[in-house]
Amino acid sequence: MQNYVKVIWGLQEWSDTPVSNSAIAEAAGVRLSTVSDALRKLSDQGLIEHVRYGSVTLTEVGRGYAVSMIRRHRLLETFLVQMLGYAWDEVHEEADRLEHAVSDGLMDRIDRALGFPTRDPHGDPIPSAEGTVHRPDAVVLTEAPAPCRARIERISDADNEMLQYFASRGLVVDAELHVLPGEPYSETVTVRVDGADDAVSLGAAAAASIWASVLPEAA
């Protein structure tokens, strides 16, 4: 049940698209029938509101559980990268395994040891101990006006190979870049990272995995 509320939270955190059974099934890697059974249990426990064939939303109680799990997951990812030397494409599955086993006391100590970080290695906000979540003012890179200057705020961790490619081209959290006009009738987004000689052309899936804030042009 913890995994399902975390998945539902993740689906609505960066998107305004209503959360459907099929979206949950795809994100959780399970069958649609399995999701339907789980949602009935979540509804009985007062964790979600779900109208048959309609969208799924978390109740206040469900949100509390989800934010608690998200906090654990993202703190663990940050700990694995900063303290144990993991790469950012190695930590998602490891944190998935650990988040159910650690105590609240241990998580508080990890938070303190890390200096109370506000973001994980992929730029996702880490909820505070009180459950406050600050989402940065960012748009998907495909929606950034071209030309413009931008700073990467968040990168989806759904595809490990894509994370490795991004890192090889300097496309990491806090990197500043120029979004350049693309080819007409093309779905690609062309960017050049500050300090890099070459521009990078990103396909639709890659560009949709990056959230950036638009920066004012230098005078």
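In this predicted model, the end C-alpha atoms of residues 1–59 lie 14 Å apart. The span is 56% helix and 10% strand. Helices (H or I, at least four residues) and strands (E, at least two) are DSSP runs, numbered from the N terminus. The unreviewed UniProt entry lists residues 1–59 as "domain: HTH dtxR-type". Such annotations may be inferred rather than shown by experiment, and their positions follow the numbering used here, with shortened feature names. Residues are numbered from 1 along each chain as its sequence is written. Local features need pLDDT of at least 70, side-chain atom pairs count only at pLDDT 80 or more, and totals for chains, interfaces and linings use all residues, while side-chain values use heavy atoms, without hydrogens or water.

Helix 1 (residues 2–13) meets helix 4 (residues 60–82). Their axes come within 8 Å and cross at roughly 85°. Helix 1 is therefore roughly perpendicular to helix 4 (65 to 115 degrees). Axes are lines fitted to C-alpha atoms over the stretch in contact, with angles from 0 to 180 degrees between N-to-C directions. Contact (heavy atoms within 4.5 Å) involves Gln2, Val5, Lys6, Trp9 and Glu13 of helix 1. Among their partners in helix 4 are Tyr65, Met69 and His73.

Strand 8 (residues 210–215) is mostly covered. Five of its six residues are buried (under 20% relative accessible area, 1.4 Å probe, protein chains only). Strand 8 runs antiparallel to strand 4 (residues 148–155), joined by six bridges. Ala150 stands opposite Val214 there. Strand 3 (residues 139–140) is also antiparallel to strand 8, through two bridges. Here Val140 has Trp211 as its bridge partner. Pairing requires at least two DSSP bridges between strands.

Methods
Buried < 20%, exposed > 50% of the residue type's maximum accessible area, 1.4 Å probe, protein only. Parallel < 35°, antiparallel > 145°, perpendicular 65-115°, else oblique.
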